[in-house]
Structure formats: C-alpha cells, structure tokens
Amino acid sequence: GGVDHMEKLTIRCVLFVTNVLACTQYHARWSQSKKGAAAEAAASSEASAPPPSSAQAAHTLSQILTDDAVRHLVTLLVSGYLILQPGDLREWNADPESFVNADLSEEGLRVRPTSENLLSTLMQGRKEVVAAVTLQMLNQVSSSPTDTSNTSILLRESVYSAVGLCSYDLQELLAFSSWFQGSLQQAMAAQPAHPLHHVIRRRVASLLAAFVDSLREPGV
C-alpha cells in the first residue's frame, strides 16, 4: 500500500524486460549478434528452424539490445534502481534482520530486488558487455574509496551489490584479493562512525562470502 504509482510502474517495466529476456522460446538467441539472429530469422521457413514468431522475436530483440543499449541499461540499474532509498534505510535501522530477509524475497514487489534479478538475467545473456560495465563502475568507485559523502557511499554499496550478484561470472575477471587489500579495505576504514558505514560493512561481508576462494590464494 505504501508503494507509489511510479514505483509500481517501474517494477512492472523491469519485470517485463526480465520476462522477455528469460522467455524459454528464444532466451538462448537474444544474446546472438544481429547478423546471427537475422540469419536465423531468414531461415525460419526451413523445417528444422524455430517457429517464425520465435525467430522474429529473437531478431527484433537483438536489434533493440545492442551493446550500447545493454551498457546503458546496466548503468541505469546500478546507479539508479539498486541504490538504497531513504525508506530502505529507515526499515533497515528499525529492524535489520527483517529488512535483509525481505530484501531476499521481494522480487516483483520492490524496485531494488526486481532490478537485481534483471541484472543477473542480463549477465547470463550478455556476459562480456555486462561484466565490462560492472568492472568499469567498480574502478570508478574504487578510485575514491575514502569519499564519505552519502551519495558516494550509497553508489559504492550499489556497485558492490552488483559485483556480488555477478560474482560467479566475475571470478576470473576481477583480481579480488588485490582489490580487497587495497581500496576495499580503505573504504571499510573510512570514517567508521559515519551513519551509513554499516551498509558498506554488510555489503563487504557478502562480497567476502561470494569471493571466498580468491582469499585462499597464497599470500592473502
């Protein structure tokens, strides 16, 4: 009841995009290049080809989801929809355990968990592009680990969240141990009395769990 009209509309739009990308009839095709999808659409009259509607949908989707479009969508999700909002922070401060449990089960009911699902779906279909954007955003927030403005802390938490969500696909692309010993520890040490410092602590804890194997490397 407390969710306003724009938030409901955003959730429905994000769910729609996620459902389209996850459609079983062509979800394995939307990540193909335009050329590959177009060739499949042209061959739809052959007996071995998928139904015309499926091939056409895959071709249309490949035209819409260009590399630039995927980059823009990932940036929008991480720098916008995954950001903790004032209401989230109030609920967290009031009852941390309930907030975390709700955060894990409210996909389709809140913008952030719904957007997390879309980011994971994008990573499955366009790993190379999504991974590159995610790591670029990580480099950006890691360049100023001691910036303790509220905006910077919340963006940092959101980027860390995205890295955690995509940890399986980033294991071989992110030098986690070096990052952990560098800017990540600096971010943890920056003004521990800051009222938003707990959001970074929680996110770092989840990152450590996701990349625990990287911390077993010699010298770490």
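Trainee: Contact means heavy atoms within 4.5 Å. With that settled, which residues does Leu 119 touch, not counting residues up to four places away in sequence?
Mentor: In this predicted model, Leu 119 touches Val 74, Leu 77, Val 78, Leu 82, Val 130, Ala 162, Leu 165 and Cys 166, with residues up to four places away in sequence not counted.

Trainee: Where is Leu 119 found, and is Leu 119 buried or exposed?
Mentor: Leu 119 is found in helix H7. Leu 119 counts as buried because its relative accessibility is 0%, and the cut-off for buried is under 20%. The C-alpha atoms of Leu 119 and Leu 73 are separated by 8.8 Å, although the two residues are 46 apart along the chain.

Trainee: Which residues touch the most other members of the largest nonpolar core?
Mentor: They are Leu 119, Leu 138 and Tyr 160, in a core of 47 residues. The elements that give two or more residues to this core are helices H1 (5-21), H4 (67-81), H5 (86-94), H7 (111-125), H8 (127-142), H9 (150-165), H11 (176-189) and H12.

Trainee: Which helix gives the largest share of this core?
Mentor: That is H8, with 8 residues. As background, nonpolar side chains tend to be buried together in soluble globular proteins.

Trainee: Which residues of H8 are buried, and what do they pack against?
Mentor: The buried residues of H8 are Val 129, Val 130, Ala 131, Val 133, Thr 134, Leu 135, Met 137, Leu 138, Val 141 and Ser 142. They pack against H4, H7, H9, helix H10 (167-170) and H11.

Trainee: What span should the 16 residues of H8 have?
Mentor: At 1.5 Å a residue, the 16 residues of H8 should span 22 Å. The end C-alpha atoms of H8 are 22 Å apart, so the two values agree.

Trainee: What do the side chains of Arg 203 and Glu 157 form?
Mentor: They meet in a salt bridge, at 2.8 Å from N to O. This pair links distant parts of the chain, with Arg 203 in helix H12 and Glu 157 in helix H9, 46 residues apart. Both Arg 203 and Glu 157 are buried.

Trainee: Which residues do salt bridges that share partners join into one network?
Mentor: Asp 88, Glu 91, Arg 110 and Arg 112 are joined in that way.

Trainee: How many salt bridges are there in the count, and how far apart are the closest N and O atoms of Asp 88 and Arg 110?
Mentor: The count comes to 6 salt bridges. In the one that Asp 88 forms with Arg 110, the closest N and O atoms are 3.6 Å apart. Asp 88 lies in helix H5 and Arg 110 in the loop between helix H6 (96-105) and H7, so this pair ties together parts that are 22 residues apart in sequence.

Trainee: Are Asp 88 and Arg 110 buried or partly exposed?
Mentor: Asp 88 counts as buried at 9% relative accessibility, whereas Arg 110 counts as partly exposed at 21%.

Trainee: And what distance separates the closest N and O atoms of Glu 91 and Arg 110?
Mentor: The closest N and O atoms of Glu 91 and Arg 110 are 2.8 Å apart, in a salt bridge. Glu 91 lies in helix H5, so its pairing with Arg 110 ties together parts that are 19 residues apart in sequence. Glu 91 counts as partly exposed, at 35% relative accessibility.

Trainee: Changing topic: how many disulfides does the structure hold?
Mentor: The structure holds 0 disulfides. Of the cysteines, Cys 13 is partly exposed, with a relative accessible area of 43%, while Cys 166 counts as buried at 1%.

Trainee: Last one: where does Thr 146 lie, and which residues is it in contact with, leaving aside neighbours within four places in sequence?
Mentor: Thr 146 lies in the loop between H8 and H9 and counts as exposed at 53% relative accessibility. Leaving aside those neighbours, Thr 146 is in contact with Gln 186 and Ala 190.

Notes
Residues are numbered from 1 along each chain as its sequence is written. This is a predicted model: local features need pLDDT of at least 70, side-chain atom pairs count only at pLDDT 80 or more; totals for chains, interfaces and linings use all residues. Side-chain values use heavy atoms; hydrogens and water are left out. A disulfide is a pair of cysteine sulfur atoms within 2.5 Å. Buried means under 20% relative accessible area, exposed over 50%, partly exposed in between (1.4 Å probe, protein chains only). A nonpolar core is a set of buried Ala, Val, Leu, Ile, Met, Phe, Trp, Tyr and Cys residues joined through side-chain atoms within 4.5 Å. Helices (H or I, at least four residues) and strands (E, at least two) are DSSP runs, numbered from the N terminus. The expected span of a helix is 1.5 Å times one less than its number of residues. A salt bridge is a side-chain nitrogen of Lys or Arg within 4 Å of a carboxyl oxygen of Asp or Glu.
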